[in-house]
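Dear colleague,

Please find below the structure that I am handing over to you.

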Amino acid sequence: MTRSTLALALVLVLAGCGEAMLTPDGGGTVDAGSDVGWTAPPLVGPEGALEDTNPDPNIVEVTLRAELTDLDLGDGTVRPMMTYNGTYPGPVLQAEVGDEIIVHFENHTLGDTTVHWHGLRISDEMDGSPRIQEPVAALNGTFTYRFTLPDAGTYWYHPHVRANEQLELGLVGTIVVHDREDPVFDAERVIVLDDVLIDPTTDQIAPFLRSHPELVHGRTGNVLLTNGVVSPGVEGSARPGQIERWRLVNTANARTMSVSLSGATLRVVGTDAGRLAEPFETTRLVLPVGQRYDVEVYYEGAGTVALQSHVLALNDAGDDVIEIAMPAYVVNVDGEAVTPREIVWPVLPTPDARPVDREVEMEFDAIDDPVEGIQWRINGVSHRMEPIFTFSEGETVRMTLRNLAGPEHPFHLHGQFFEIEGRPGLYDTVLVGGGATVTILAHLDNPGQWMAHCHILEHAELGMMTEIVVTPR
Ligand code: C2O
Ligand code: CU
């Protein structure tokens, strides 16, 4: 990005935020269903709930509707957008590991769509890949998604057809998969970080894929949102001594979120693939689009604890770009102190290192085609339709990911988890920075035909999309 386009983008961010209003968190407390002897911890998150219509405690059966909705993002303007069940972000799908999920999906929008369950290691037929599933038709098409939840953790769902438009317009939702073995917190918070590009002349969602920066860097919004509200529009409250689990999800089209915590220690307890064997403390977390982190937050005393988003902006003189912190989510801690509960994470065995069966390379670049315009590629091919690699179930594959062209590429592999060299935990999304090479160790344990792509939705839409096959043993 040249200095001037960067500056423009950031001026817009600041302008958007100046209008931010503080409104209370929609605070839908979601009932996970009441199994005898276990209740889900209180969950504070995006508005909107899914009603489980199945009496079986091990089955969660819900209806999910993609629809056209007029929404106010908290800045006083109502805009035509798209939602799941009327809210943005959509309702939290909450269940327990091992539960069977039945989603009666209805598409009431004007475009075909699918629902992809980002991070869930389910069967490829239920994965929402338009390469496998005939998209659900516009104007009342239906499809029933059915799968069993294999792993606890924080996941999310979104369309996989014209994803750059449908996600920006509001089709995103989160999934919380509980594990009964996890400690029970005073509360859990689902915090969805996003941004949106608003055209300053019309005050509407800007048209798609029109600007050169959007084609090159992906669509970076000029307004930051937390749980669908212009940030810092979400406020929570807690009492001194309480301990919570926050589940952070980045659902933006392109913006990598860089966050810190003020007023408390940032302690990471989970990654994309669920909880860590050994939690760790840090000062800054970087979430490329698609990524999740679970953090444990302890309110030591009265005051304010805030999740801060670090963004680039112009300095006062307007001649330099600096990093500034903007609160994304604020918790006011006051009232009578409580005795902190004892949070004991059951010891997880550190998994044995998996020997590498195979090594492959993926190179990310772009060409500027005189006819087609900018085409993003993986190993020299845009929109590759045949599998780039075929592996066998159970294989561990070292993938070397090389970014040969400019901006960053958050690489996402469907249906599998991987290790990122030098970092604890398992992931399904990894940031490959500008000019960088990153090595991951993929655990190819889930047979099927799986999309592999850059999660900057404009890059994916313009070709940075391929697939791998994992053949059953
Ligand atoms: Cu959230 Cu194909 O991805
Ligand atoms: Cu990319």
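Tyr 427 is found in the loop between β28 (417-420) and β29 (429-432); strands here are DSSP runs of E with at least two residues, helices are runs of H or I with at least four residues, and both are numbered from the N terminus. With a relative accessible area of 1%, Tyr 427 is buried. The term buried stands for under 20% relative accessible area, exposed for over 50%, and partly exposed for what lies in between, with a 1.4 Å probe and protein chains only. Setting aside neighbours within four places in sequence, Tyr 427 is in contact with Thr 271, Asp 272, Ala 273, Gln 291, Tyr 293, Gln 416, Phe 417, Phe 418 and Ile 420, where contact means heavy atoms within 4.5 Å. Between Tyr 427 and Leu 413 the C-alpha to C-alpha distance is 9.3 Å, at a separation of 14 residues in sequence.

Please note that this is a predicted model, in which local features need pLDDT of at least 70 and side-chain atom pairs count only at pLDDT 80 or more, while totals for chains, interfaces and linings use all residues. Residues are numbered from 1 along each chain as its sequence is written, chains are lettered from A and ligands numbered from 1 in the order in which they are written, and side-chain values use heavy atoms, with hydrogens and water left out.

Not counting residues up to four places away in sequence, Pro 42 touches Phe 185, Asp 186, Ala 187 and Glu 188. Pro 42 and Phe 185 are 143 residues apart in sequence, yet their C-alpha atoms are 8.2 Å apart in space.

Turning to the chain as a whole, the secondary structure of the protein chain comprises four helices and 32 strands. Its radius of gyration is 21 Å, close to the 23 Å that the globule rule gives for 473 residues, so the chain is as compact as a globular protein of that length. That radius is taken over C-alpha atoms, and the rule is 2.2 Å times the number of residues to the power 0.38. The C-alpha trace spans about 65 × 60 × 45 Å along its principal axes. Of the 473 residues, 58% are buried. Among contacts between residues at least 6 apart in sequence, 74% join residues at least 24 apart.

The accessible surface of the protein chain comes to about 18200 Å², and carbon and sulfur atoms account for 51% of that surface; the areas come from the Shrake-Rupley method with a 1.4 Å probe, and for residues only the protein chains shown count as cover. There are 28 positive and 70 negative side chains, and the centres of the two sets lie 4 Å apart. Lys and Arg count as positive and Asp and Glu as negative, without His and the chain ends, and each charge is placed at NZ of Lys, CZ of Arg, CG of Asp or CD of Glu.

The structure holds eleven aromatic pairs. Rings of Phe, Tyr and Trp (its six-membered ring) pair if their centres lie within 6.5 Å; planes under 30 degrees apart count as stacked, over 60 as edge-to-face and the rest as tilted. The ring centres of Trp 117 and Tyr 157 are 5.5 Å apart and their planes stand at 40°, so this pair is tilted. Since Trp 117 lies in strand β7 (residues 116-118) and Tyr 157 in strand β9 (residues 153-158), the pair ties together parts that are 40 residues apart in sequence. Both Trp 117 and Tyr 157 are buried. Another tilted pair is formed by Trp 246 and Tyr 329, with 5.7 Å centre to centre and 55° between the planes. This pair links Trp 246 in strand β15 (residues 243-250) to Tyr 329 in strand β22 (residues 321-333), 83 residues apart. Trp 246 is buried, at 0% relative accessible area, and Tyr 329 is buried at 0% as well.

As to the backbone, the peptide bond from Tyr 88 to Pro 89 is cis, with omega near -5°, and Pro 89 lies in the loop between β4 (78-84) and β5 (93-96). The peptide bond from Ser 231 to Pro 232 is also cis, with omega near 5°.

Yours sincerely
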